[in-house]
Amino acid sequence: MSIDKSFSLAQERYAALGVDVGHALRALATIPISLHCWQGDDVGGFENFGGALGNGLAVTGNYPGKARTPDELRADLDKALSLIPGKHRLNLHAFYGEFGGKKVDRDEIAPKHFANWIAWAKQNGLGLDFNPTCFSHPKSADGFTLSHADKDIRQFWIDHCIRSREIGAAMGKALGKTCVTNVWIPDGMKDTPADRRAPRERLAESLDAVFKKAISPKLNLDAVEPKLFGIGSESFVVGSHEFYLGYAVSRKKLLTLDAGHYHPTEGIADKISSVMQFLPEILLHVSRGVRWDSDHVVILNDDLLAIAREIAVNDYTNRVHIGLDYFDASINRVAAWTIGTRNMIRALLIALLETPLIRTAEAAGDYTTRLALQEESKTLPFGAVWDHYCEQQGVPIGEHWLSEVKSYEKNVLSNETNQLNQMQPNPLLGVVFHWLGGLASGSFYVPYKGVRKWSWETFWLAGGMFSWLICPWIGAFALSKDLLAVLHETSSYTFWMTYLMGALWGLGGLTFGLTMRYLGMSLGMAIALGYCAAFGTLIPPLVKGEFADKLFNHSGTSVGGPIVLLGVFVCLLGILIGGIAGVRKEKEMSGSKSAIPEFNLWKGLGIATFSGVMSACFSYGFQFGEPITKISAAHGTGPYWVGLPVIVVILLGGLTTNFIWCVLLNIKNRTGYQYLATHVREEHAHHGGHGGSEHGPETAAAGDAPADLKIPVLGNWFFCALAGTFWYFQFFFYQMGESQMGNYKFSSWTLHMASIIIFSTLWGIFFKEWRGAQPFTKKLVVLMLALLVGSTCIIGWGNKKSEDAENAAKAKVEAAAPAVPSTATDAAQQVPK
């Protein structure tokens with residue numbers, strides 16, 4: 001039976017019991033679940049302190065595919081979220097910040113360390129929640145933090161929690177979705193204490209200091225989390241349920257109820273309506289305890305159904321914030337997220353579909369009917385409604401999500417260990433790839449010299465169809481995985497910003513050909529690409545706030561940064577010298593026959609400036625398109641080819657701009673017929689091809705027969721296809737080179753521009769564009785080439801030094817880290833906070 005038919009029958013069945021299924025589904029779609037980031041990496045975080053988890057936390061299992069970097073964790077989350085219906089949230093712990101390899105202590109964290117998480121959440125339409133990380137730190141080693149007897153240690157954790165609230169508020173402001181910042185501490189004692197009062201007095205005092213600064217509830221809500229006991233705090237927990245219930249009520253904070261923090265036979269469902277009498281909002285951490293305090297993957301059991309029912313039937317959906325909290329390293333981690341979250345949503349759906357007749361019977365004192373309906377409800381066709389909801393939300397139905405996880409595991413997770421060595425950046429190889437791209441770009445205009453009897457707009461658009469449309473799609477389909485699915489999964493913001501950068505780049509490309517009309521191949525490309533190199537290389541790290549760190553080594557972790565910066569400026573110096581050579585060339589060749597008939601320095605400089613600045617938007621397109629590369633990688637695309645889908649989107653924007661302009665010129669100049677015509681009209685007989693301009697290509701050489709109107713159609717299309725393919729190969733090799741540049745990917749743009757100038761200058765020499773220039777001017781050209789070649793080598797060297805330093809640091813941390821238990825038999829049982 002089809003899903004639609006099953007759903008229709010289910011609707012009828014529920015309607016007979018007074019249930020509006022459509023209303024239930026609309027309500028379900030508004031309830032976000034906060035996924036917990038720590039499931040993806042076994043509560044490891046990215047501080048690189050190299051310490052054990054500690055403070056009563058342990059994770060069992062060693063299933064392959066543990067996320068090792070923020071990018072890997074976000075890619076895993078992207079996959080999980082693509083399998084879960086609805087729009088949700090992510091719950092972050094403080095030690096999941098991105099610290100650039102620098103040791104930032106907990107009391108120094110700031111919103112900037114979570115900028116990438118905020119950007120990722122914004123692109124995916126998600127909300128963020130936050131937690132101070134008061135464990136796995138030298139200052140929590142004795143089991144106490146906010147209630148510590150040492151005032152200095154206590155103040156350290158107070159400052160950490162204050163910073164965490166500020167980060168939560170920044171997240172709420174940036175995303176327009178209130179962040180819930182939850183405070184949990186491990187403070188307690190293994191054996192019976194002599195003084196229970198003093199630690200609790202210190203904790204109350206510390207919490208008051210943490211919450212002293214008022215923060216708008218539209219930005220951040222504060223929550224406090226109790227527990228019954230934990231490993232190392234079996235006899236005494238400072239932050240008990242009674243302590244935090246009193247604190248939350250008296251200080252108007254949210255109380256967090258964690259399903260794994262109470263007695264094994266004590267559920268939190270019964271507590272919800274109790275505390276809601278005195279608190280406006282609460283936070284739930286939904287988990288599954290087994291026999292004792294532990295966090296297992298949430299399943300659709302009676303405890304979960306009871307929690308969901310309390311939320312739904314009591315109309316608490318806007319007052320209860322639902323988060324998940326478990327970590328299991330014995331199974332696929334993406335599957336663990338998917339199973340637990342889908343079960344939470346499924347439980348809410350079942351609760352929303354409960355017939356009101358049950359409560360009506362109870363209100364009437366008819367307990368027989370109540371029990372009968374409760375039991376009969378267990379076999380109602382909620383599965384058909386669930387399948388319809390999944391289909392409606394565009395996620396896999398039934399068990400079909402598992403095949404996607406298995407494919408992701410095969411293509412990404414299981415290969416990560418083997419891919420690690422393959423994916424280690426090799427900046428020197430990256431330089432070679434950029435040189436190949438430069439050769440392709442520096443050579444692309446040469447085939448246009450073989451075009452005959454076509455106007456500029458005709459051959460430019462004909463070649464562009466290969467550059468911007470045919471070759472990019474063929475390349476991406478052939479070498480990347482699931483291209484259409486990758487583009488479909490890309491957020492609208494990422495897609496259209498990448499497309500916009502391509503359209504702006506197209507404006508630069510439109511005038512790029514004119515630079516060679518007025519300046520020639522060598523000087524034209526040197527000036528235009530000089531601007532392009534400067535803006536495309538230096539603006540991205542400035543915008544990201546990474547300029548000082550990555551280039552000036554302010555953090556002390558970017559040892560190759562100053563060398564990379566030196567290479568960039570050597571490149572710009574070489575371009576400047578090329579410009580000086582051009583000025584001298586104009587003066588020296590005045591009055592003599594030039595290889596460039598319309599050479600005009602100042603006109604060419606103006607056009608080259610506009611073209612270069614706008615062309616730098618291609619680099620920005622790669623910056624905006626970075627999420628697309630991650631999605632492509634998640635689909636199993638190899639590291640060399642993950643950038644191909646980004647190029648497709650950028651060039652769609654470039655195609656739009658160029659297509660509109662060329663068609664307008666075709667209409668204005670009445671040249672649209674030329675694409676397929678065998679003869680040119682007499683009014684266009686002067687079109688000689690040879691790479692002219694949009695205002696009319698070069699006139700036919702003297703002696704050409706005016707009556708020769710035949711167009712070599714096949715030859716023209718062949719040369720345009722060759723030029724377009726050469727042009728595309730510049731970015732084909734560019735994204736290969738960028739994949740090898742490590743943390744200094746932005747320097748790829750300088751390498752690309754420098755290599756283009758090198759090879760275009762060599763072509764200019766070959767075509768005798770510098771014929772007639774004085775020996776000193778020619779020496780300047782040689783010096784320019786030497787500086788540009790040298791700049792590519794310097795940048796490659798700087799990247800290599802940084803990568804070597806980072807690899808050495810990682811090896812040192814790994815060598816100092818404790819061994820990870822491989823099975824449940826040689827590790828502690830899985831324990832929550």
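Predicted model: local features only at pLDDT ≥ 70, side-chain atom pairs only at ≥ 80, totals over all residues.

What percentage of the 833 residues of the protein chain count as buried? I get 55%, with buried meaning under 20% relative accessible area, exposed over 50% and partly exposed in between (1.4 Å probe, protein chains only).

Residues are numbered from 1 along each chain as its sequence is written, and side-chain values use heavy atoms, with hydrogens and water left out.

**Overall**

I count 28 helices and 12 strands in the protein chain; these are DSSP runs numbered from the N terminus (helices H or I, at least four residues; strands E, at least two). Taking contacts with a separation of 6 or more, I find that 82% are between residues 24 or more positions apart. Contact here means heavy atoms within 4.5 Å.

**Helix α14 and its partners**

I looked up α3 (residues 70-81) against α14 (residues 401-413): the angle is about 160 degrees and the axes are 11 Å apart. Axes are lines fitted to C-alpha atoms, for helices over the stretch in contact, and angles run from 0 to 180 degrees between N-to-C directions. So α3 and α14 are roughly antiparallel; the classes are under 35 degrees for roughly parallel, over 145 for roughly antiparallel, 65 to 115 for roughly perpendicular, and oblique for the rest. A75, D76 and K79 of α3 meet E404, Y408 and L413 of α14. I sort that contact into 3 nonpolar, no polar and 3 charged residues. The classes: Ala, Val, Leu, Ile, Met, Phe, Trp, Tyr, Cys and Pro are nonpolar, Asp, Glu, Lys and Arg charged, and the others, Gly among them, polar.

Next I took α10 (residues 333-352) with α14, and found an angle of about 160 degrees with axes 10 Å apart. This pair is therefore roughly antiparallel too, and the crossing of α10 and α14 is right-handed. On the α10 side I list V334, A335, T338, I339 and R342; on the α14 side, W401, V405, Y408 and L413. By class, the contact of α10 with α14 has 7 nonpolar, 1 polar and 1 charged.

**Single residues**

Q39 sits in the loop between β1 (33-36) and α3. Is Q39 buried or exposed? Q39 is buried, at 0% relative accessibility. Skipping residues up to four places away in sequence, I see Q39 touching Y326, F327, D328, R333, A336 and W337.

N220 is in strand β6 (residues 220-224) and is buried at 2%. Its side chain makes a polar contact of 3.0 Å with the side chain of D222; that term needs a pair of N or O atoms within 3.5 Å, and within protein one must be able to donate a hydrogen and the other to accept it, with residues adjacent in sequence counting only if both atoms are side-chain atoms. Beyond four places in sequence, N220 contacts include R165, T178 and I215.

M465, in α17 (residues 456-479), is partly exposed at 24%. I find M465 and L655 7.7 Å apart, C-alpha to C-alpha, though 190 residues apart in sequence.

Last, α23 (residues 617-624): 6 of its 8 residues are buried, including F618, Y620 and F622.

Definitions and conventions: Left-handed = near helix turned anticlockwise from the far one by under 90°.
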